[in-house]
Amino acid sequence: MFVVLLISFIVGRLSGTPFEIMFPDGLTVEHQIALEKKFKLDLPMHEQFRLYVTQIFKGDFGRSLYTGEKVWAMYAIRMPATLAVGSLALLVAIIIGLPLGALSALYRKNIGVTGALLLVFLGYAVPHFVIGIGLILLFGYILQILPATGLDTWRHFALPTITLAIPMIAVLARFMRAAMLDAIGQDYVSTATSKGLTDAHIARNHIFRNALVPIISVVGLEIAGLLNGTIFVETVFSLPGVGRILIGAVEQRDYPVLQFGLIAYSLIVVTVNLIVDLLYVVADPRIRLEK
């Protein structure tokens with residue numbers, strides 16, 4: 001987290017000052033000096049960083065250089081929309097991706113299951129923004145059955161949720177299939193078969209459960225990737241989420257807004273990975289937390 005904080009602080013300032021964008025027609029030397037003094041940008045970079053870290057420990061993440069709003073308040077207002085779309089996309093991906101991967105492993109010679117898997121993989125190869133634009137053209141303009149922008153009703157969630165879910169479905173299905181095939185080849189499956197247990201019982205209680213352990217890691221990584229996807233999806237569908245704030249902060253060189261966004265995203269990734277490690281104990285009784 002400290003490395004992320006340091007890199008975001010330095011790289012943001014190396015990109016230039018926000019005054020070049022604030023005043024495209026230029027400004028006088030006196031005016032620029034006054035602005036730099038106001039925002040403490042006249043200090044050496046290491047001194048600016050020291051002041052910023054001190055403010056963070058006091059719970060102060062600064063204010064936007066453009067609007068003067070508190071940075072945390074800007075994100076707090078937009079975060080519910082991002083979490084709603086992202087959570088729905090993850091839920092859809094898990095509901096579709098895991099069963100699809102399991103079925104493709106159990107019924108490897110079924111043409112229908114294989115065809116569905118290939119179709120999903122095709123969606124994984126296409127970037128989020130291309131999928132989003134394609135869905136807008138098809139369902140928003142040609143068929144006109146789903147709204148293409150905003151989050152006013154439940155119907156507005158359909159297209160951005162599908163756009164985010166398609167690549168995740170492919171990833172979960174792929175790894176679930178690989179994990180299932182690996183579990184099918186284990187000795188305990190042969191033992192269960194020799195005892196006369198039904199295929200459904202073996203698949204549910206032996207193969208599927210053991211295949212879930214590596215899938216937990218994949219889900220954790222997909223949550224991290226989901227954060228990146230929301231930035232593009234929110235831009236394409238004009239959603240009122242934090243992704244658009246980050247894009248605006250990059251374009252305007254709004255240092256406090258950009259730094260807080262990167263810190264928040266990194267904290268989510270770190271937290272998710274910690275939860276994933278703890279879930280190993282729940283998924284596999286053989287794993288125990290060490291002192």
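The cut-offs explain the label, because partly exposed covers what falls between under 20% for buried and over 50% for exposed. Keep in mind as you read that this is a predicted model.

Where does Ser 238 sit? You will find Ser 238 in the loop that joins helix H10 (199–236) to helix H11 (242–252). There is something to notice in its backbone too. Most residues other than glycine have a negative phi. Ser 238 is not a glycine, yet its phi is positive, at about 55 degrees.

Between helix H7 (128–142) and helix H8 (158–184) lies Gln 144. Gln 144 is a residue other than glycine, and its phi has a positive value near 55 degrees. Is Gln 144 buried or exposed? Its relative accessibility is 61%, so Gln 144 counts as exposed, the cut-off for that label being over 50%.

H7 and H8, the two helices on either side of the Gln 144 loop, have axes 9 Å apart and pack at an angle of about 140 degrees. That angle makes H7 oblique to H8, because roughly antiparallel is kept for angles over 145 degrees. The crossing in which H7 passes H8 is right-handed.

H8 has another partner, helix H6 (residues 111–124). What angle do H6 and H8 make as they pack? The angle is about 130 degrees, and the axes of H6 and H8 are 7 Å apart. H6 is therefore oblique to H8. H6 passes H8 in a left-handed crossing.

H6 also meets helix H5 (71–106). The axes of H5 and H6 come within 9 Å, crossing at roughly 135 degrees. H5 is thus oblique to H6. As H5 passes H6, the crossing is left-handed.

Now for the empty space. Rolling a probe the size of a water molecule over the atoms shows where such space is left. How many cavities of 30 Å³ or more are counted? The count comes to one. The largest cavity has a volume of about 40 Å³. Its lining includes Ala 81, Thr 82, Leu 151, Leu 164, Thr 230 and Glu 234. H5 and H10 each supply at least two residues of this lining. Also among the lining residues are Leu 239, Pro 240 and Gly 241. By type, the lining of the largest cavity has seven nonpolar residues, three polar and one charged.

The largest pocket has a volume of about 430 Å³, and 19 residues line it. Which of them lie nearest its centre? They are Phe 39, Lys 40, Gln 55, Gly 62 and Pro 256. Three helices, H1 (2–14), H4 (45–57) and H12 (255–283), each give at least two residues to the lining of this pocket. The largest share of that lining comes from H4, with four residues. Sorted by type, the lining of the largest pocket holds 10 nonpolar residues, five polar and four charged.

To finish, a few pairs of residues show how sequence and space relate. Gly 229 lies in helix H10, and its relative accessible area is 2%, so Gly 229 is buried. Gly 229 and Gly 86 are 143 residues apart in sequence, with 9.0 Å between their C-alpha atoms.

In helix H8 you will find Ala 178. Ala 178 counts as partly exposed because its relative accessibility is 45%. From Ala 178 to Glu 47 is 131 residues in sequence and 51 Å in space, C-alpha to C-alpha.

The last stop is Leu 43, in the loop between helix H3 (29–38) and H4. With a relative accessible area of 29%, Leu 43 is partly exposed. Leu 43 and His 128 stand 85 residues apart in sequence, and their C-alpha atoms are 41 Å apart.

Key. Residues are numbered from 1 along each chain as its sequence is written. This is a predicted model: local features need pLDDT of at least 70, side-chain atom pairs count only at pLDDT 80 or more; totals for chains, interfaces and linings use all residues. Side-chain values use heavy atoms; hydrogens and water are left out. On a 1 Å grid over the protein atoms alone, a cavity is a set of points where a 1.4 Å probe fits but cannot get out, and a pocket is an open set with protein on both sides within 12 Å along at least five of seven lines; lining residues have an atom within 4 Å of a point. Grid points are joined across faces, edges and corners, and a volume is the space filled by probe spheres set on the points. Ala, Val, Leu, Ile, Met, Phe, Trp, Tyr, Cys and Pro count as nonpolar, Asp, Glu, Lys and Arg as charged, and the others, Gly among them, as polar. Buried means under 20% relative accessible area, exposed over 50%, partly exposed in between (1.4 Å probe, protein chains only). Axes are lines fitted to C-alpha atoms, for helices over the stretch in contact, and angles run from 0 to 180 degrees between N-to-C directions. Angles under 35 degrees count as roughly parallel, over 145 as roughly antiparallel, 65 to 115 as roughly perpendicular and the rest as oblique. A crossing is left-handed if the near helix is turned anticlockwise from the far one by less than a right angle, and right-handed if clockwise.
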